[in-house]
Amino acid sequence: MKDLKEVFEERRSVNFFDKNKELDEDTLKKIIDLAVLAPSAFNLQPWEIIAVKSKEAKEKLYDVALKQPKILDAPVTLIMIGDKNAYKEDNPAWWYMRDVGIPDDKIQGSIDFAKNMLYNTDLKANNFAVRNTSLLSMSIMYAAKYYGVDSHAMIGFEEDKLKEAFGIPDDKVVVMLISIGYFDESKTLYPRLKRNGYEKIVKVV
């Protein structure tokens, strides 16, 4: 276990995974169950995950993800999926607000605001799905590092072919892939590249 500063400092995008080292199901579950503490709009959690683990599924994903070797080498690759319709009233997460005492009329007001103002175009609905699922994705990578597991996020894939291969419907968007497992210690990573900090990126107004 590590403190938060260590997690941030030690997390790297690992290009090389030890193909002989498995990620046990319990650790994967712990990573996901910790990561879902990530924020989402109205706590709607508009995300789903397909965990690609079998040889057959890995080969299928490899073919539609630019044949990236890490997909075959890592014990699991997560397909991070955003739900463009999760803002609608039939999402039961709306009604979790009852658990903290928010009355039904207030909840309904939020539902109507989301439907009529916030996500009332396909572009807005797509952005809603992508932005929230991206928050979960980063949370997964930090949670993985907390449990001593390495990761690498990827946006190199053919979405239409990926959706067809894994039966993902059109009202969902594939946000990214995340390979997770253990770094192949026989390889060497480049040193971390320079990051632009506060002085470079922040404008105070």
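Predicted model: local features only at pLDDT ≥ 70, side-chain atom pairs only at ≥ 80, totals over all residues.

Student: How many aromatic pairs turn up in the whole structure?
Tutor: The search finds 6. One is Phe-42 with Trp-94: the ring centres are 5.0 Å apart and the planes are at 45°, so this pair is tilted.

Student: Where do Phe-42 and Trp-94 lie?
Tutor: Phe-42 is in the loop between α2 (25-35) and β1 (47-52). Trp-94 is in the loop between β2 (76-83) and α5 (104-118). The pair therefore ties together parts that are 52 residues apart in sequence. Helices (H or I, at least four residues) and strands (E, at least two) are DSSP runs, numbered from the N terminus.

Student: Is Trp-94 buried or exposed?
Tutor: Trp-94 is buried, at 0% relative accessibility. Phe-42 is partly exposed, at 27%. Buried means under 20% relative accessible area, exposed over 50%, partly exposed in between (1.4 Å probe, protein chains only).

Student: And what about Tyr-87 and Tyr-119?
Tutor: They form a tilted pair, 5.5 Å centre to centre, with 50° between the planes. Tyr-87 sits in the loop between β2 and α5, and Tyr-119 in the loop between α5 and α6, so the pair links parts 32 residues apart in sequence. Tyr-87 is buried at 9% relative accessible area. Tyr-119 also counts as buried, at 11%.

Student: Which rings have a charge over them?
Tutor: The charged end of Lys-21 sits over the ring of Tyr-182, 4.3 Å from its centre. The charged end of Lys-187 sits over the Phe-16 ring, 5.6 Å from the centre. The test is NZ of Lys or CZ of Arg within 6 Å of the ring centre and within 35 degrees of the ring normal.

Student: Switching topic. What is the span of α6?
Tutor: Helix α6 covers residues 122-146, 25 residues in total. Its first and last C-alpha atoms are 36 Å apart, close to the 36 Å expected at 1.5 Å a residue. The expected span is 1.5 Å times one less than the number of residues.

Student: What follows α6?
Tutor: Gly-148, with a positive phi near 80°.

Student: How is Leu-78 placed?
Tutor: Leu-78 lies in strand β2. Leu-78 is buried, at 1% relative accessible area. Its C-alpha is 4.6 Å from that of Ala-51, 27 residues away along the chain.

Student: Which residues does Leu-78 touch?
Tutor: Not counting residues up to four places away in sequence, its partners include Leu-28, Ile-32, Ile-140 and Met-176. Contact means heavy atoms within 4.5 Å.

Student: And the overall make-up?
Tutor: The protein has 8 helices and 4 strands. Of its 205 residues, 41% count as buried. The C-alpha trace spans about 60 × 45 × 35 Å along its principal axes.

Notes. Residues numbered from 1 in each chain as written. Heavy atoms only, no water. Phe/Tyr/Trp six-rings, centres within 6.5 Å; stacked < 30°, edge-to-face > 60°.
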